Amino acid sequence: MLYYRKLFAADAPKIEAHFLDLSPEDRRRRFHSLLGDAAIRAYCRSFDWRARAVIGAFDLDRLVGIAECVRVADGNVEIAVSVAARRQHLGVGRELVRRAAGSAANSGAAVAVLDYTPGESSIPHIARSLGGDVDGTRSIAQIPLPARHAAAQIEELIEDFGGALAGMVEAALWPWHFAAGTAAPRATIERGIAER
């Protein structure tokens, strides 16, 4: 089950593991540079949690996508997104950006900016699908954000609550997932022996 929730300082090890698992090409797209492991660890240690909102996509207990939202100027935020290779092109990145943009709008931001590496098509596609414009010359996408209003803030609270609840359910069921995964091969082997 895939679910989304806000991330906090306690999630730092999962964030670091997600970034370290990115392929060299995905690291280049996310950081606009081919960062090595040491540089990624340093980046994760430098997080200023007061200056950013971070939203994660989870598959069971594994973090498979991250959207970071940082205020860069009056009324503007910058959103950076990364998604694990096996979850790309399935709408995870779009949903992360949508949630990050909604959270930014609820904090009073007017424009979300996403820069991307030349030749990349996913960020322009996501931005356009969310009503944004793309400047291909500068490799920048901008999404105008709606004015802050109570209904959107309530929607964000409901999404946050739902994500937290899904995380708790997954954590409670995790031993059962593990047990089911380890029992199934044995059952298959025993059935195969019985059929001989």
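Predicted model: local features only at pLDDT ≥ 70, side-chain atom pairs only at ≥ 80, totals over all residues.

Colleague: How much space lies in the largest pocket, and which residues are the closest to its centre?

Modeller: The space in the largest pocket is about 690 Å³. Of its 38 lining residues, Val81, Glu120, Ser122, Ile123 and Ile126 are the closest to the centre. Elements that each supply at least two lining residues include β4 (76-83) and α5 (122-129).

Colleague: How should I read the faces of a helix such as α5, and which of its residues are buried?

Modeller: The general idea is that an α-helix has 3.6 residues a turn, so residues three or four places apart point the same way. In α5, the buried residues are Ile123, Pro124, Ile126 and Ala127. Seen down the helix axis, the buried residues of α5 fall within an arc of 165°, so they line one face. His125 and Arg128 are exposed on the other side of α5.

Colleague: Against which elements do the buried residues of α5 pack?

Modeller: They pack against β4, α4, β5, β6 (133-135) and β7 (140-144).

Colleague: Turning to strands, is β2 mostly covered or exposed, and what pairs with it?

Modeller: In a regular strand the side chains alternate between the two faces of the sheet. Strand β2 (residues 52-59) is mostly covered, with seven of its eight residues buried. β2 pairs antiparallel with β1 (residues 2-6) over five bridges, and eight bridges join β2 to β3, also antiparallel. Ala57 has Gly65 in β3 as its bridge partner. Two residues separate β2 and β3 in a hairpin, where Leu60 in the turn has a positive phi of about 55°.

How values were computed:
Residues numbered from 1 in each chain as written. Heavy atoms only, no water. 1 Å grid on protein atoms, 1.4 Å probe; cavity = no way out; pocket = protein on both sides within 12 Å on 5 of 7 lines; lining within 4 Å. Points joined across faces, edges and corners; volume = space filled by probe spheres on them. Helix = DSSP H or I, 4+ residues; strand = E, 2+ residues; numbered from the N terminus. Buried < 20%, exposed > 50% of the residue type's maximum accessible area, 1.4 Å probe, protein only. Arc of directions from axis to C-beta. Contact = heavy atoms within 4.5 Å. Pairing = 2+ DSSP bridges.
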